[in-house]
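Q: I am new to reading protein structures. Can you take me through one, step by step?

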Amino acid sequence: MKHRHLIDIVAIPMLLLLIVPLIGLGSRSSLTDLWQALASQELQQAVTVTAQTSIIAILCVIIGGTPLAVWLNRNPLSRWRTLLVDLPAVLPPAVAGLALLTIFGRTGWLGPTLTAFGWQIPFTPLAVVLAQTFVAAPLYIRSASAALQGIEPDVLNAARVDGASRYELWRYVIVPLAMPGLQAGVAMALARALGEFGATALFAGSMPGQTRTLALAIYINADYDSATAIAMSLILLMSAVVLLLIVKRVNTTT
Amino acid sequence: MHRRRFIIISGSMLGFTLLSACTQVATPAATAFNLAVAASLKDVMQALDASFRQQNPRPAAILQAAGSGSLAQQILDGARFDVFASADRTSMAKVVDAKIITDADVVTIATADMIVVANPKSAVTALTALATPGTKVVLADSTVPAGRYAQIALANLTALHGVEYANQVNANVVSLETNVRAVLQKVQSGEADAGIVYTADIAKLSDNNIQTIPIPDQYGVQAEYVAAVLPGAQTESHAFLAFIRGNDAQAIWQSFGFRA
């Protein structure tokens, strides 16, 4: 009981630090500000760009990340898995942007080839998708890999003994069992993609209606018109809350 | 074992903190200036402070270099600085409007011109090329001073290159950057062909990744840098402000691409 009280007290400072600034955001905004920001073309463009790019990015993450998670679990390289997969996630975003430029930029490794075909990736929505995929995929892969590894080999063996084909094994055993982890991974990755800023700014630029995502629009408005910036932040924050609630719901119902 | 290591690490961290606190106390009576300066003024302010300190010994100034708008916001939120140097009057006006200083406190310290920069590998060699379809142009966003000045310069240049000039250039814009340094970076790296920046941004560049195309004076636009001593500042701040506006500072300003 005594310990309980102590932990209540020492836990509070960090709790306040995490929560109070977010409440502060809400308190600085009024309903009229929020309404004005919602009605502005700038915000609508930013929301559209963000939604389109992050949905495509998350599809790339699922389609490309799931096989990689499976492969990493089977491969002897898996000792290095955490390093391989976590590195992009802990890189400062600006570094991620520079790294992408060295490959896909006009003067990057693939630049001359792409230019020969008349393509340029920087300054296009595709660059935003690439940046988001690069920073968000590790979160999904980590979660998916853990979920797949958590499945008891006995369960799989039992299914095989019962004559399940490889497809049936995946369709009726592995995917359903790993689903909570996969869903949590998708939600975390999507939240990360929605908030992507640094890599996008360097690699994709900031063109309204093309590459200016919500996070970039917030940054550019923060100095100039902080009411708009705060209203935009609230919108981003609310979408993150919705995503996190989905994760929580998925985790508690299973 | 872990516990002991933890104690050693935290103990030494505490030790360092105390040590650094002591060394700060031991500095001479004159304290360093605490300057809030527009990002583009960072290097020149450092040089000006170094020059000022030759006659007035004190530790090197602590510079808070950021966008003028966010510095103004910090001052409104209670941040304490000796001097605020802004890249435009708009940001300074925020501080005046908040009655922290008055209009009489605000003085012009320098001006800078806007200049077109182009990547040497691009086809851009003249101002007209900015309007050629297919040229990738990067400008600063109109929410920052460099972006507003760029638009004024483009509007002025329509007198020289035709009424459609500004529209054609704007149609070639592939990105509106959050700050002028990002404009320069994208042209240097070759992702963009050309952009518009301050002369001060390129004065100290030593690489040949950039070529410059000046805007003729009669069409150009001058960015005006203003400064003010803030309430509660050290008395010598006024001497410093007088120094950076004085004759001795001219050469320093010019070497950094400003007009004093």
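A: Start with a term. Helices are DSSP runs of H or I, at least four residues long, numbered from the N terminus. Keep in mind that this is a predicted model.

Q: What pattern does chain A follow along the sequence?
A: Read along the sequence, it is α-α-α-α-α-α-α-α-α-α-α-α. Chain A has 12 helices and zero strands.

Q: How many residues does chain A have, and what share is buried?
A: Buried means under 20% relative accessible area. Chain A has 254 residues, and 39% of them are buried. The C-alpha atoms of chain A fill a box of roughly 70 × 65 × 30 Å along the principal axes.

Q: What share of the accessible surface of chain A belongs to carbon and sulfur atoms?
A: Carbon and sulfur atoms hold 70% of a surface of about 14500 Å².

Q: How many positive and negative side chains does chain A have?
A: There are 15 positive and 11 negative ones in chain A. The centres of these two sets lie 6 Å apart.

Q: How do I read the interface between chain A and chain B?
A: The size of an interface is often given as the accessible area lost when the parts come together. Here, chain A and chain B bury about 1800 Å² between them. Carbon and sulfur atoms account for 51% of that area. In terms of contacts, 19 residues of chain A touch 24 residues of chain B.

Q: How many salt bridges are there between chain A and chain B?
A: The count is two. One pairs the side chains of A:R212 and B:D141, at 2.6 Å from N to O. The cut-off for a salt bridge is 4 Å.

How values were computed:
Residues numbered from 1 in each chain as written. Chains lettered and ligands numbered in written order. Predicted model: local features only at pLDDT ≥ 70, side-chain atom pairs only at ≥ 80, totals over all residues. Heavy atoms only, no water. Helix = DSSP H or I, 4+ residues; strand = E, 2+ residues; numbered from the N terminus. Buried < 20%, exposed > 50% of the residue type's maximum accessible area, 1.4 Å probe, protein only. Areas by Shrake-Rupley, 256 points an atom, 1.4 Å probe, with all protein chains shown as cover. Lys, Arg positive; Asp, Glu negative; His and termini not counted. Charge placed at Lys NZ, Arg CZ, Asp CG, Glu CD. Contact = heavy atoms within 4.5 Å. Buried area = accessible area lost by both parts, 1.4 Å probe.
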